[in-house]
Amino acid sequence: MTNAGMMDCKKALIEAQGDINSAVDILRKKGQVISSTKGGKEAKEGVIAQYIAPGGRLGVLVEINSQTDFVARNEMFSSFCR
């Protein structure tokens, strides 16, 4: 329902005393805190992708970064860049 981890859901349910709606609110608030702390991290790993249109009159270079090299080497990330 929330896409949060099982243990996070369990802790939120315990804190909300079994009320699902309150637990969802707790998870939402904690998610905002987590996302605000990740905003300060630098994305130092990534890929420089290039595209040259047929005829060679138009070309594009794009740099797409991620926080970890694990993500930058992922096939899904590479296909996104292409």
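The questions and answers below go through a predicted model of one protein chain.

Colleague: What pattern does the chain follow, read along the sequence?
Modeller: The chain has four helices and two strands. Helix 1 covers 6–15 and helix 2 covers 20–38, while strand 1 takes residues 45–52 and strand 2 residues 59–66. Read along the sequence, the pattern is α-α-β-β-α-α.

Colleague: Which residue in the hairpin of strand 1 and strand 2 takes a positive phi?
Modeller: The hairpin has six residues between the strands. Most residues other than glycine have a negative phi. The hairpin residue with a positive phi, near 100°, is a glycine: Gly55.

Colleague: Where is Gln17, and what is its phi?
Modeller: Gln17 sits in the loop between helix 1 and helix 2. Gln17 is a residue other than glycine, yet its phi is positive. The value is near 55°.

Colleague: Is Gln17 buried or exposed?
Modeller: The cut-off for exposed is over 50% relative accessible area. Gln17 therefore counts as exposed, with a relative accessibility of 76%.

Colleague: How many disulfides does the structure hold?
Modeller: A disulfide is a covalent bond between the sulfur atoms of two cysteines. Cys9 is partly exposed at 23% relative accessibility, and Cys81 is buried at 12%. The number of disulfides in the structure is zero.

Colleague: How many salt bridges are counted, and which residue forms one with Glu15?
Modeller: The count comes to four salt bridges. In the one with Glu15, the closest N and O atoms are 3.6 Å apart, and the partner is Lys30.

Colleague: Which parts does the pair of Lys30 and Glu15 tie together?
Modeller: The two residues are 15 residues apart in sequence. Lys30 is partly exposed, with a relative accessible area of 39%. Lys30 lies in helix 2 and Glu15 in helix 1, so the pair ties together helix 2 and helix 1.

Colleague: In which helix do Asp25 and Arg28 lie?
Modeller: Their side chains meet in a salt bridge, 3.0 Å from N to O. Asp25 is partly exposed at 37% relative accessibility, and Arg28 is also partly exposed at 48%. The two residues are three apart, about one turn of the helix, and both lie in helix 2.

Colleague: What is the N to O distance in the salt bridge of Arg73 and Asp69?
Modeller: Arg73 counts as exposed at 62% relative accessibility, whereas Asp69 is partly exposed with a relative accessible area of 38%. Their side chains meet in a salt bridge with an N to O distance of 3.3 Å.

Colleague: What percentage of the residues in the chain is buried?
Modeller: Buried means under 20% relative accessible area. Cys81, at 12%, is one of the residues that count as buried. Of the 82 residues in the chain, the buried ones make up 17%.

Colleague: How much of the accessible surface belongs to carbon and sulfur atoms?
Modeller: The accessible surface of the chain comes to about 7000 Å². The part that belongs to carbon and sulfur atoms is 56%.

Methods:
Residues numbered from 1 in each chain as written. Predicted model: local features only at pLDDT ≥ 70, side-chain atom pairs only at ≥ 80, totals over all residues. Heavy atoms only, no water. Pairing = 2+ DSSP bridges. Buried < 20%, exposed > 50% of the residue type's maximum accessible area, 1.4 Å probe, protein only. Disulfide = S-S within 2.5 Å. Areas by Shrake-Rupley, 256 points an atom, 1.4 Å probe, with all protein chains shown as cover.
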